[in-house]
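Here is a friendly set of questions to work through with the structure open beside you. Take each one slowly, and try it yourself before reading the reply.

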Amino acid sequence: NNFDYILNFHAHTDVRYSNFNPRYDFFHNCSLTHSIIDALIKNKSKAFFLNFGTATQLGYTNIKSKINQNYKGKPITIFDLHKQYNEDYISIHKKLFNLNATTLRLSNVYGLGHAYSKNRGIINKIIDRAISEKKIILYGDGNYVRDFIYLEDVIMGIIYALKNCNKLHKDYYYLTTEIGKSFNDLEKIINSELYKIYKFTAKVKYKKWPNTSIILDKRSFVGNSFLFKKVTGWKPKYSLRSAIRHYIHSKKITNK
């Protein structure tokens, strides 16, 4: 009862593992949400609960412009099914018990730090390999589009959400840049910034999709944060270029 906000950052993020171990994934991705909701109801708490979702809840998309806020997707992995389940579970209990809660859907977050799962943080891995090994590996034709958002912008988005929590009445909002860039665009920006900072560029190599890849890897998606911006006043500080420049420069300072 003494908390103003509750944020649940805990998650199991290995998509492949979730498909073969759904009970384990449910325990880590849903059980804690149950406990939080139960506690809020039991204590008649007015605390704001901020849940975190993902754009991949929508399943496979091939959308290269801003997605419709009301677009109804369909999860195609156990991980995403559980993310959607949490969002719906919270929605039902909001209506039943007048809880103050919402979900922020994120897309392709990258930035300084370390991912717990080895299967996450692909953008970090691409940039780090470009710096250390002077090579960039892209799968397929590299034309699939994503909405890349820098970690610092996500953190500020969360702060804006907390400050405006009493205005966030919808079940979910996209916390995204609304700008789609292909992985080919990403490569060009990385090499441009590498040359400015290190005076070298990374060799680009295209490979066939590995047998372990899933259709979600080949999706295109661009978010729609119009409603979140309207309610909170938040907007991203970093463009893809300025974020990559900041990341590479910070890595150089750290590695000295």
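Q: Which residues in α3 do P22, D25, F26, N29, C30, T33, H34, I37, D38 and I41 in α2 meet?
A: Keep in mind that this is a predicted model. Contact here takes heavy atoms within 4.5 Å. On the α2 side, the list runs from P22 to I41 and includes F26 and H34. Their partners in α3 are I78, F79, H82, Y85, N86, Y89, I90, H93 and F97.

Q: Are α2 and α3 roughly parallel or roughly antiparallel to each other?
A: Helix α2 covers residues 22-42 and helix α3 covers residues 78-97, and their axes are 10 Å apart. They pack at an angle of about 15°, and angles under 35 degrees count as roughly parallel. The two helices α2 and α3 are therefore roughly parallel.

Q: Is the crossing of α2 and α3 left-handed or right-handed?
A: Look at the helices α2 and α3, which pack at an angle of about 15°. The hand of the crossing of α2 and α3 is right-handed.

Q: How are α4 and α6 oriented to each other?
A: The axes of helix α4 (residues 122-132) and helix α6 (residues 183-198) come within 11 Å and cross at roughly 40°. Angles under 35 degrees would count as roughly parallel, and 65 to 115 as roughly perpendicular. The pair α4 and α6 is therefore oblique.

Q: Which residues in α6 do I123, I126, I127, A130 and I131 in α4 meet?
A: The crossing of α4 and α6 is right-handed. Residues from both helices meet there, with I123, I126, I127, A130 and I131 on the α4 side. On the α6 side they are F183, L186, I190, L194 and Y198.

Q: How many aromatic pairs does the count come to?
A: Rings of Phe, Tyr and Trp pair if their centres lie within 6.5 Å. By this rule the count comes to 15 aromatic pairs.

Q: Is the aromatic pair of Y17 and Y24 stacked or edge-to-face?
A: The ring centres of Y17 and Y24 are 5.4 Å apart, with 80° between the planes. Planes over 60 degrees apart count as edge-to-face. The pair of Y17 and Y24 is edge-to-face.

Q: How many residues apart in sequence are the parts that the pair of Y139 and W209 ties together?
A: Y139 and W209 form a stacked pair, 5.7 Å centre to centre with 25° between the planes. Y139 lies in strand β5 (residues 135-139), whereas W209 lies in the loop between β10 (203-207) and α7 (226-232). The pair therefore ties together parts whose separation in sequence is 70 residues.

Q: What residues is W209 in contact with, leaving aside its neighbours within four places in sequence?
A: Ring pairs link W209 into a cluster with Y139, Y144, F148 and F183. W209 is also 9.7 Å from D141 in space, C-alpha to C-alpha, although they are 68 residues apart in sequence. Beyond its sequence neighbours, W209 is in contact with Y139, G140, Y144, D217 and K218.

Q: Is K44 buried or exposed?
A: K44 is found in the loop between α2 and β2 (48-54), and has a positive phi of about 50° although it is not a glycine. Its relative accessibility is 73%, and the cut-off for this class is over 50%. K44 therefore counts as exposed.

Q: Over the ring of which residue does the charged end of K199 sit?
A: K199 is found in the loop between α6 and β10, and is exposed, with a relative accessible area of 58%. Its charged end lies 5.6 Å from the centre of a ring, and that ring belongs to Y195.

Key: Residues are numbered from 1 along each chain as its sequence is written. This is a predicted model: local features need pLDDT of at least 70, side-chain atom pairs count only at pLDDT 80 or more; totals for chains, interfaces and linings use all residues. Side-chain values use heavy atoms; hydrogens and water are left out. Rings of Phe, Tyr and Trp (its six-membered ring) pair if their centres lie within 6.5 Å; planes under 30 degrees apart count as stacked, over 60 as edge-to-face and the rest as tilted. Helices (H or I, at least four residues) and strands (E, at least two) are DSSP runs, numbered from the N terminus. A charge sits over a ring if NZ of Lys or CZ of Arg is within 6 Å of the ring centre and within 35 degrees of the ring normal. Axes are lines fitted to C-alpha atoms, for helices over the stretch in contact, and angles run from 0 to 180 degrees between N-to-C directions. Angles under 35 degrees count as roughly parallel, over 145 as roughly antiparallel, 65 to 115 as roughly perpendicular and the rest as oblique. A crossing is left-handed if the near helix is turned anticlockwise from the far one by less than a right angle, and right-handed if clockwise. Buried means under 20% relative accessible area, exposed over 50%, partly exposed in between (1.4 Å probe, protein chains only).
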